[in-house]
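Keep the 3D view open and turn it as you read.

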Amino acid sequence: MPTAASWTELRRSVDDVGALLAFRAGAVRRPAAFRLSALAFVVLTGAAATLPALLPGAGSGSGYALDALLLLPTAMLGLIVLAVASAVASGGGRELLAREHAVAYPVSPSTDHLGALLLAPLNIAWILQTWLLLGAAAYGVPSAQLAPAQIGLLVWVAVATAVGQLVAWSVEAVRRTRHGVAVVRTTGAVVALAAVALQVSGRLTTLLDELGATRWMVVSYVDGFGLRWAGAIAVELVLLVAAVALGAVPAHLAARRAARDELRVESGRHPARRLPRTVLGTLVRTDRGSVWRAVPMRRGLAVLAVGPGLVALAGDLDWARMTILPGLVASGGALLFGVNAWCLDERGGLWRESLPVGAGTVFAARAWVLAEFLLIASAVTLVLGGLRAGAPGPAELTALLCTWLVVVLQVVSSAMRWSSRRPFAVDLRSARATPAPPVVMVGYSTKLAVTTTLTGLVFSGLARVPHAEVSVLVAAPFVVWSLVRLLHARDRWVDPVARARVVTTVAG
Amino acid sequence: MSAGPVVDVRSLHVRFGEVEAVAGVDLAAHAGQATGLLGRNGAGKSTTMRVLAGVVPPTAGTVLVAGHDVRTHALEVKRAVGYCPDVGGLVPRATPWEHLQLAARLRRLRGWETRARDLLERFELGDVAHRVTTGFSHGMGRRLSVVLAALHEPEVLLLDEPFDGVDPIGVEATFEVISDARSRGACVLVSTHLRELAVEACSSVLVLRGGAQVASAPAGEMTGEEGARAYRSLLD
């Protein structure tokens with residue numbers, strides 16, 4: 001049985017990806033906004049790659065510039081880790097055409113693989129890490145060598161993305177074997193714990209230095225245009241082509257095997273439980289089932305909650321800096337379903353809408369379930385992150401709790417507003433599914449990340465103020481503002497015409 | 001039992017942006033009767049049913065269901081109606097029993113479990129009562145939607161494409177549900193594009209085309225070869 005894609009098939013897949021891209025481009029609801037966003041992305045990437053070079057001290061080979069240069073090899077490895085984590089969490093990467101739509105067409109696993117590769121950059125974490133890498137190079141590398149360094153780094157970004165995809169397909173192919181889920185979970189836990197242990201024992205940096213490959217790349221970049229640089233680029237290109245081509249092999253393997261965790265959920269039995277005493281409780285229980293029984297939500301939550309927690313644990317973050325974490329996790333959690341919260345009902349939305357219950361109660365249940373999902377995820381992160389941070393002082397604890405409340409409210413109010421304003425019909429069965437098209441998801445994630453990070457920074461500063469009540473006073477207007485926006489979102493949902501549009505849209 | 005129509009629709013219009021999904025439908029359906037809504041895809045049948053279920057508000061016209069105006073008293077309409085939507089109609093990661101529990105709680109039903117189990121058995125869904133509906137076949141989903149619509153013995157039973165993809169046992173069980181509803185005095189509306197099944201289940205039919213009503217006739221006039229020809233001519 002052949003497992004690898006032939007060159008003919010790869011060529012055919014490239015053609016098919018072109019056709020699918022054209023199809024997706026034609027379905028963009030706001031083409032002008034899309035073009036503007038694409039332009040903004042190019043401009044911002046250009047700015048990240050050049051503007052730091054204009055700052056005082058840039059490329060001086062000393063001070064912060066030297067630090068930036070020395071950190072480049074580690075940042076390059078970090079991009080690979082991020083690409084792997086993103087692609088693994090999404091079960092092999094995003095789909096160019098949703099599974100239920102693709103069934104009518106001969107979309108090969110190779111096409112799927114290439115499509116996922118193209119969609120990988122539509123991820124705020126990938127974008128930020130890439131900008132950070134380019135920005136650090138622009139600041140650290142002497143201006144005469146900046147162009148060759150940035151070319152090398154751009155190729156590296158492509159290599160990291162392709163390697164991430166290759167690893168993700170391989171993991172997915174293993175996960176779909178008989179004991180694959182257990183194997184993947186155990187391996188993931190061992191790798192994560194090993195990384196934390198290395199960091200805690202102070203050996204991680206040494207190990208990264210000893211790996212040396214990315215350091216050699218950086219040394220070749222700063223050598224300027226020349227044979228050494230050409231050699232590094234050639235190595236990168238070979239790696240890129242190999243990762244892209246090899247990625248098709250596990251993609252084919254994974255496609256032949258059934259997605260066991262999805263099938264287990266689909267055939268899952270849940271014995272009858274007693275009815276909750278209240279209508280709201282009954283609605284909350286139904287919505288909880290829709291969230292916690294979905295593979296993408298469970299897998300996404302595990303990665304979101306545990307990943308940043310382990311990073312905080314390994315990095316020995318203090319309580320003041322930990323105020324950044326709840327916003328990060330809450331933003332990521334909302335991107336699993338919250339930004340299109342009504343899609344949880346999918347085609348059941350029509351039936352649910354025919355039930356005699358006030359629209360306000362339905363809204364309250366959905367917002368509550370989203371809020372508790374985000375609270376649980378960020379709580380796990382904070383507990384992990386706090387394991388080495390010692391006991392927090394009153395000001396630190398108050399600032400952290402205020403941030404937690406504020407960012408969760410911010411995210412819930414934004415998500416519920418977007419859910420009513422831009423609903424999409426989505427099948428959230430697959431781990432690869434997203435609640436909105438990838439381009440829209442980038443917009444959502446950017447807005448959430450900016451808002452919650454800035455909020456986290458404000459409270460990070462307040463955690464260092466010795467008066468705990470200051471955090472509460474600052475949090476109050478944030479809370480009121482988010483609640484007002486949440487009430488506006490509720491008003492929109494309560495309007496029968498607006499609600500009918502949402503329900504009929506998500507029902508498909 | 002009131003002598004007037006239980007479902008009274010006058011000059012119904014429903015518009016979605018530029019598209020007029022329903023363009024002037026009049027309909028009167030009475031207690032103890034089953035009315036079939038026939039027509040091709042996109043004729044406006046499902047949109048009309050969604051309006052009657054209180055899911056989609058009308059753009060214009062008057063719609064009274066069990067004496068309640070759907071525009072101003074949607075909640076009362078929903079209490080009176082049992083609705084089987086045309087697409088899916090099931091919450092993907094909930095079990096049939098959880099669907100029934102939700103409906104029972106929101107409709108304030110007591111002692112509903114026996115009837116629920118009976119309906120599940122009649123539609124051969126008893127074995128999967130505690131399995132999530134994501135993995136259900138299309139036909140199983142349709143059958144469960146009919147069960148959910150019929151659970152509370154509604155005054156108005158709205159079945160949108162209940163026979164679509166359903167096996168003969170499911171079709172028989174749906175006929176029984178319709179017959180039971182009629183015999184207890186409920187008003188039944190069945191939307192379908194399957195003329196033979198509609199005339200078998202209903203006492204009268206209404207044919208829609210392009211969002212508007214083009215004919216209304218006793219079901220008997222739509223039976224056999226003659227009925228098929230008459231129906232075909234109404235579709236073009």
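## One leucine to begin with

Find A:Leu253, which sits in helix α11 of chain A, the helix that runs over residues 227–256. Keep in mind that this is a predicted model, so everything here is read off a prediction. Is A:Leu253 buried or exposed? A residue counts as buried once 20 or more other C-beta atoms lie within 10 Å of its own. A:Leu253 has 20 such neighbours, so it counts as buried.

Now look for A:Ser170. Along the chain, A:Ser170 and A:Leu253 are 83 residues apart, yet their C-alpha atoms are separated by 8.4 Å.

## Chain A as a whole

Zoom out, and you'll see that chain A has 21 helices and zero strands. Its radius of gyration is 24 Å, close to the 23 Å given by the globule rule for 508 residues, so chain A is as compact as a globular protein of that length.

How much of chain A is tucked away? Of its 508 residues, 46% count as buried. Now take the contacts in chain A between residues at least 6 apart in sequence: 87% of these join residues at least 24 apart.

## Two domains in chain A

Chain A splits into domain 1, made of 7–18 + 40–266, and domain 2, which covers 279–506. Their C-alpha centres lie 28 Å apart. Where the two touch, domain 1 of chain A supplies 22 residues and domain 2 of chain A supplies 23.

Which elements of domain 1 of chain A give two or more residues to that contact? They are α3 (63–89), α4 (99–102), α8 (180–200) and α12 (260–266) of chain A. The largest share on this side, five residues, comes from α8(A). Sort the domain 1 side by class and you get 11 nonpolar, five polar and six charged residues.

## Chain B and its strands

Chain B has eight helices and 10 strands. With a radius of gyration of 17 Å, close to the 18 Å that the globule rule gives for 236 residues, chain B is as compact as a globular protein of that length. Its C-alpha atoms fill a box of roughly 45 × 40 × 40 Å along the principal axes. Buried residues make up 55% of the chain's 236 residues. Of the contacts in chain B with a separation of 6 or more, 68% are between residues 24 or more positions apart.

Next, trace the open sheet of four strands in chain B: its order is β2-β1-β4-β5, with antiparallel pairing. At the edges you'll find β2 (19–29) and β5 (68–69) of chain B, each pairing on one side only. Further in, β1 (residues 7–16) and β4 (residues 60–65) of chain B pair in the antiparallel sense over five bridges. Look there for B:Val9, which stands opposite B:Val63 in β4(B).

Another spot worth a look is β9 (residues 204–209) of chain B. It runs parallel to β3 (residues 34–38) of chain B, and four bridges join the two; B:Thr35 has B:Ser204 as its bridge partner. Six bridges also join β9(B) to β10 (residues 212–218) of chain B, this time antiparallel. β9(B) and β10(B) form a hairpin with two residues between them, and B:Gly210 in the turn has a positive phi of about 55°.

## Where the chains meet

The contact between the chains takes 36 residues from chain B and 37 residues from chain A. On the chain B side, α2 (74–80), β6 (81–84), α3 (96–106) and α5 (138–150) each give two or more residues.

In soluble globular proteins, nonpolar side chains tend to be buried together. Here, the largest nonpolar core has 162 residues, and A:Val412, B:Val65, B:Val156 and B:Leu158 touch the most other members. Helix α18 (residues 394–421) of chain A gives this core its largest share, 14 residues.

Among the residues that B:Val65 touches are B:Val7, B:Leu52 and B:Val156. There is also a second, separate core of 58 residues, which includes A:Leu82 and A:Ala251.

Conventions. Residues are numbered from 1 along each chain as its sequence is written. Chains are lettered from A and ligands numbered from 1 in the order in which they are written. This is a predicted model: local features need pLDDT of at least 70, side-chain atom pairs count only at pLDDT 80 or more; totals for chains, interfaces and linings use all residues. Two residues are in contact if their C-beta atoms, placed from the backbone, lie within 7 Å. A nonpolar core is a set of buried Ala, Val, Leu, Ile, Met, Phe, Trp, Tyr and Cys residues joined through C-beta atoms within 7 Å. A residue is buried if 20 or more other C-beta atoms lie within 10 Å of its own, exposed if 12 or fewer, and partly exposed in between; C-beta atoms are placed from the backbone. Domain bounds come from an automatic or database domain assignment. Ala, Val, Leu, Ile, Met, Phe, Trp, Tyr, Cys and Pro count as nonpolar, Asp, Glu, Lys and Arg as charged, and the others, Gly among them, as polar. The radius of gyration is taken over C-alpha atoms; the globule rule is 2.2 Å times the number of residues to the power 0.38. Two strands pair if DSSP finds at least two bridges between them. Lists of a residue's contacts leave out its neighbours within four places in sequence.
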